[in-house]
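User: Could you walk me through how to read a structure like this one? I would like the general idea for each feature, and then the case at hand.

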Amino acid sequence: MKHCEHVYGTKMEVFIEKSKQTLQHKPCTGAQLLKSLDINPQTVLLVRNDEVVLDHEELSEDDKVKILSVVSGG
Amino acid sequence: MNCMKCEEKAIYEHNNLKLCKTHFLSYFEDKVAKTIKKFNLYEKGDKVCVAASGGKDSLAVLYMTSKYCKKHHIDFFALAIDEGIGGYRDHTLDDLRAFCETHGIQLEVASFHSSFGQTLDMIRDDAIKNHNKKPCTVCGVMRRTLLNRNAKRLGATKLATGHNLDDESQSFCMNLFKGNMRHNASLGPITGINQHANFVTRVKPLYYILEKETRLYTFLKGFKVEFTECPNIDLSFRSVIRDKLNELESQFPGTKNGIVNAFMDALPDLKEKYRGKNDYKVCERCSDPCSGKICNACKLEEQLCRA
Ligand code: SF4
Ligand SMILES: [Zn+2]
Ligand SMILES: [Zn+2]
């Protein structure tokens, strides 16, 4: 997995369900976020403040973002 | 971006679809109901057994079955198999029990331990070291057998599983790449080439549903599904195919549908071609249908569970 871009100042909190990781990322669109984390959009749901959002939407610094895994294991 | 059917904000976009929450939920439910009707997966007089594990696919198929069967006055229940995989199945079974309680669904549980005298955890190392068998192979064969035996014992006429469009397009490609069209002939919304009195007919109500759609549906309905992974998981070939298909789907939306639609077009001919060619006998020990004298589950039981 590629590392996210660290920008000092504004950051949003991103939780990745599959790896149970929480990281900080600069605000961007959902599609940009997934791209920078090398995650295929087909394999996840993007959730902002507990609401599902489409990939093209802007995520901002106060948002709590979750990337939920679509596949189940076993 | 707005829903194509109303003024609400779209939360799902795929191919030509743009749907808000309300319209996504009805799109999902209509699609499953249509699949059940079109292929007569559930009919009046059936007793439907839903193979349930507690994972998102099984909760979705269980919930949809419950909705459909209550409406059409068809009997149904859930059946779970506890393989005995510590730290994994115990958790998903807890989720399943809670779900069935909330929704008033009858749940039956059969276990490897009570049926074969051993849990998967207990025979796992022996299977790998002394019999060159992967845990998933052992698990798959024994689970399938227990599902069939217990569904039959409880009077079920149909056995529903949570297989979705992703599973089906992956299986089709895997068989194709291995040059095994006979295995492809037994795929489809109703599994198998020849029906057998000792085999409860397997059906797949989520056949045309994408895995992502199931996850979204369970999320929107507030079903508790956490990402957990079986410690034995071995997806070597399947995971390669899965990743490739997801890449293709991103580049060319509709790829998975295309594969399954083309496959469905050829399926009647495929079934015809292979029908009757693998006439089942019945296992001498358990009377399950099988191709030799003794079925694979009874062979494994003898090798692994009677040390
Ligand atoms: S991953 Fe393998 S061992 Fe685990 S539940 Fe699935 S088939 Fe069984
Ligand atoms: Zn709408
Ligand atoms: Zn047998």
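Predicted model: local features only at pLDDT ≥ 70, side-chain atom pairs only at ≥ 80, totals over all residues.

User: Let's begin with metals. Which residues are the protein donors of the zinc ion (ligand 3)?

Analyst: Cys283(B), Cys286(B), Cys295(B) and Cys298(B) each give their SG atom, lying 2.3 Å from the zinc ion (ligand 3). Along the chain these donors follow the spacing C-x2-C-x8-C-x2-C. Cys295(B) and Cys298(B) are both buried.

User: How do I judge the geometry there?

Analyst: Start from the ideal: four tetrahedral donors have angles of 109.5 degrees at a metal. Around the zinc ion (ligand 3), the 4 donor atoms subtend angles of 105 to 115°, so the arrangement is tetrahedral.

User: Now salt bridges. What is the idea, and how many are there over all chains?

Analyst: Side chains of opposite charge can pair when their charged atoms come close. By the rule used here, the count over all chains is 21 salt bridges. One of them joins Asp94(B) and Arg97(B), with the closest N and O atoms 3.5 Å apart. Both residues lie in helix 3 of chain B, 3 residues apart, about one turn of the helix. Asp94(B) is partly exposed at 46% relative accessible area, and Arg97(B) is partly exposed at 39%.

User: Which pairs reach further along the sequence?

Analyst: Take Lys224(B) and Asp95(B), whose closest N and O atoms are 2.9 Å apart. This pair links distant parts of the chain, 129 residues apart: Lys224(B) is in the loop between helix 9 and helix 10, and Asp95(B) is in helix 3. Another salt bridge, at 3.0 Å from N to O, brings together Glu168(B) and Lys204(B). Glu168(B) sits in helix 7 and Lys204(B) in the loop between strand 7 and helix 9, so the pair ties together parts 36 residues apart in sequence. Glu168(B) is buried at 2% relative accessible area, and Lys204(B) is buried at 4%.

User: How should I read the contact between the chains?

Analyst: Look at the residues, the area and the charged pairs in turn. Chain B contributes 29 residues and chain A 23 residues. About 2200 Å² is buried between them, with 56% from carbon and sulfur atoms. The interface has 2 salt bridges. Glu57(A) pairs with Lys9(B) at 3.3 Å between the closest N and O atoms, and Arg48(A), Glu57(A) and Lys9(B) are linked in a network of salt bridges.

User: Last one: where is Thr214(B) found, and what is it in contact with?

Analyst: Thr214(B) is in helix 9 of chain B, and it counts as buried because its relative accessibility is 0%. Leaving aside neighbours within four places in sequence, its contacts include Phe28(B), Lys56(B), Asp57(B) and Leu206(B).

Definitions and conventions:
Residues numbered from 1 in each chain as written. Chains lettered and ligands numbered in written order. Heavy atoms only, no water. Donors = N, O, S within 2.8 Å, 3.2 Å for Na, K, Ca; no water. Tetrahedral: all angles 85-135°; square planar, octahedral: opposite > 155°, others 65-115°. Buried < 20%, exposed > 50% of the residue type's maximum accessible area, 1.4 Å probe, protein only. Contact = heavy atoms within 4.5 Å. Buried area = accessible area lost by both parts, 1.4 Å probe. Salt bridge = Lys/Arg side-chain N within 4 Å of Asp/Glu carboxyl O. Helix = DSSP H or I, 4+ residues; strand = E, 2+ residues; numbered from the N terminus.
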